[in-house]
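Have the viewer open as you read along.

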Amino acid sequence: AKGLGVTALLSGLPTGWVGSVFAADDAPEVADLKFGIIALTDCSPIVIAHEKGLFKKYGINSTVLKGASWAAIRDSLSNGDIQATHMLLGMPLASSMGLAGAPKKPMVIPWIMNRNGQAITLKKDLAGKIAADPKALKPLVDDAKAKGTPMTFAMTFPPGTHAMWIRYWLAAGGINPGDAMGGNADIALVTVPPPQMVANMKAGKMDGFCVGEPWNARSIGDQIGFTAIASQGIWKDHPEKVCAFTAEFADKNPKTVKAVLKALQEASVWADVMENRPELAKIVSAPTYINCPPEVILPRLQGKYDMGDGRKFRDPNYMIFSERNCNYPQPKYAKWFLTQFRRWGFTQGAPDYEAISAQVMRPDLYEAAMKEIGYTGGSRNDVAETLFDGITFDPKGDLEAYATGFAVKNLKG
């Protein structure tokens, strides 16, 4: 499965894929599209769709642009410099709501790009003292706070996924990560762009961080950190990055959006064939993309986890791009993020869980695109989810009660 030959591409795919290249009346309204990415392993579907000519197959002339930070990516999408982007799931929600000091700009999620594959890294001298259980960290946090030098942790964007994973993990250990403005905190929580995490830890500026791969693996290779827990250890098959558009662009250009999703579907199926992962790691390792050696990127893509503190195992819940109904834009995931925005004081009072989820998550766009290529593998899922602390999130339950029911929280209003 080295190249993306037609036979390799179509083998095992549902009927209806052959000859599914767009007809003239399906031609995208906008052919020239700029895609944003951040240097993370989970930008892979966009990069593969570009490099393998899959965007071109569906009438899109793609350019892939690497952003310096998530805030820069958000601003580029908002002002039209890019038309589609790799994005943290929480970002289109926050932009649509005008949270965290951002101008209100409605955005939509018609595609979830990946599950799993992020991690929490701690500095090397904590190895052997703390592993997956955050309760072991609490005495150290309390001691540092009492001395007036609180421990510092980093995430990549305040309402993003990494912020929510590290907040959830710390809070499960009885540690308050603070409200949206950093108030009432037991630690300092700072924002650092993903590719800068390792350098900042090396400079002694932080005790831990949450980021996507390959930067957790890189910290181990550079012998400055170790992985406390992978994100799938917090929540198996959690949603992570999305392909986002502004609502305005998606409304004006539905055929363009569908063309993008069709190309991403093919790229994602290819990316989940394990025999293709060495080639995937090599492609995305390029300086224009992740700028990290493929041998650092590949092992965790194969489920080979060396945590850097003596723990080594094969994780069956490695990063996926297509399997297990990966891509369907489930409204329940938007609802979960909204409960955490509420929990941590990003919102004043209860958000409109149902309305905002329905506005941002767009299964209609996903379903229309997949129907046109005969793909029937994606479907809505409202099943309850239990995270590593044993607390269950039921998307059909009382969302406000769930959001306000945590022992550690910083509610506003």
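Contact here means heavy atoms within 4.5 Å. Please keep in mind that this is a predicted model.

## Asp272 and its surroundings

With that cut-off, and leaving out residues up to four places away in sequence, Asp272 touches Arg277, Met319, Ile320, Phe321, Ser322 and Glu323. Asp272 sits in the loop that runs between helix H12 (254-271) and helix H13 (277-284).

Is Asp272 buried or exposed? Its relative accessibility is 7%, so Asp272 counts as buried, the limit being under 20%.

## Asp42, another loop aspartate

Asp42 is found in the loop between strand E1 (32-37) and helix H2 (44-51). Asp42 has a relative accessible area of 0%, so this residue is buried too.

Which side chain makes a polar contact with that of Asp42? The partner is His86, at 2.8 Å. Setting aside neighbours within four places in sequence, the contacts of Asp42 are His86, Met113, Asn114, Gln118, Glu240, Lys241, Met319 and Phe321.

## The buried side of H13

Back to H13, where Arg277, Leu280, Ala281, Ile283 and Val284 are buried. These residues lie on the same side of H13 because they cover an arc of only 165° around the axis. An α-helix has 3.6 residues a turn, so residues three or four places apart point the same way.

What covers the buried residues of H13? The cover includes H2, H12 and helix H14 (294-301).

Definitions and conventions. Residues are numbered from 1 along each chain as its sequence is written. This is a predicted model: local features need pLDDT of at least 70, side-chain atom pairs count only at pLDDT 80 or more; totals for chains, interfaces and linings use all residues. Side-chain values use heavy atoms; hydrogens and water are left out. Helices (H or I, at least four residues) and strands (E, at least two) are DSSP runs, numbered from the N terminus. Buried means under 20% relative accessible area, exposed over 50%, partly exposed in between (1.4 Å probe, protein chains only). A polar contact is a pair of N or O atoms within 3.5 Å; within protein, one must be able to donate a hydrogen and the other to accept it, and residues adjacent in sequence count only if both atoms are side-chain atoms. The arc is that of the directions from the helix axis to the C-beta atoms.
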